[in-house]
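Visitor: I'd like to learn how to read strand pairing and disulfides. Can you walk me through an example?

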Amino acid sequence: TWDERDGAFVANPFRHVRPGQVVPVSVLGGAQVEHLLTIFQSPTGDWWIAFDQDLLGYYPASLFKMLNGGGCTAAWYAEVYNPNPDPNISGGGPVKSEMGSGKFAAVGRPNVAYVRKPEFYDTSWFSVVPQDIQMTPNQPSCYTRESMIPDPVSGDSIFNLGGPGGKDPGCQWP
């Protein structure tokens with residue numbers, strides 16, 4: 001991770017955002033904040049990470065044997081963290097963590113998490129908007145994701161995601 005804990009990430013000494021730094025977040029029913037996360041391969045083959053156009057650092061090309069000429073897959077998704085997995089239940093039991101605001105994706109913006117303008121660059125550095133591949137969350141009774149649609153205001157591709165996790169009684173875990 002870019003927090004330098006894995007020992008492989010090379011931090012940019014001139015970056016503005018530091019590990020553990022609190023950044024602005026959206027508030028349900030209040031101010032909405034968007035952040036731009038960028039991952040790109042430099043001409044030297046290193047994979048750089050940027051947050052809101054602040055170059056955080058890179059993973060050296062030497063770490064990647066099959067990514068010398070670029071990536072072959074791009075994915076946009078969300079994850080939740082289970083701080084107290086139950087070892088007696090397969091998969092650790094229901095994750096209580098909410099995704100985004102804790103509301104299912106169908107509630108819509110501004111009440112859920114979303115990804116705006118997912119794109120990647122081809123080998124000629126042309127921006128490509130991916131075709132939507134319907135991804136079903138691992139636990140659709142706990143978290144949901146909607147298909148990409150054009151944003152009615154900006155026209156950018158956008159999709160919503162979120163859910164209450166194990167805080168919802170309908171959340172069924174294997």
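Guide: Let's start with a strand pair: β5 (residues 113-116) and β10 run antiparallel, joined by 4 bridges. Strands are DSSP runs of E, at least two residues long, numbered from the N terminus, and two of them pair if DSSP finds at least two bridges between them. Across this pair, Tyr 114 stands opposite Asn 160 in β10.

Guide: Some ground rules: this is a predicted model, where local features need pLDDT of at least 70, side-chain atom pairs count only at pLDDT 80 or more, and totals for chains, interfaces and linings use all residues. Residues are numbered from 1 along each chain as its sequence is written, and side-chain values use heavy atoms, with hydrogens and water left out.

Visitor: Which residue is the bridge partner of Ile 149 in β10?

Guide: That's Ile 158. Ile 149 lies in β9 (residues 149-150), which runs antiparallel to β10 with 2 bridges.

Visitor: How many residues of β10 are buried?

Guide: Buried means under 20% relative accessible area (1.4 Å probe, protein chains only). In β10, 5 of the 6 residues are buried, so the strand is largely enclosed by the rest of the structure.

Visitor: And what about disulfides?

Guide: A disulfide is a covalent bond between the sulfur atoms of two cysteines; here the test is a pair of cysteine sulfur atoms within 2.5 Å. Cys 142 and Cys 171 form one, with their sulfur atoms 1.9 Å apart. The pair links distant parts of the chain, 29 residues apart.

Visitor: Why is the disulfide called right-handed?

Guide: Because the torsion about the S-S bond of Cys 142 and Cys 171 is about 85°.

Terms used: Buried < 20%, exposed > 50% of the residue type's maximum accessible area, 1.4 Å probe, protein only.
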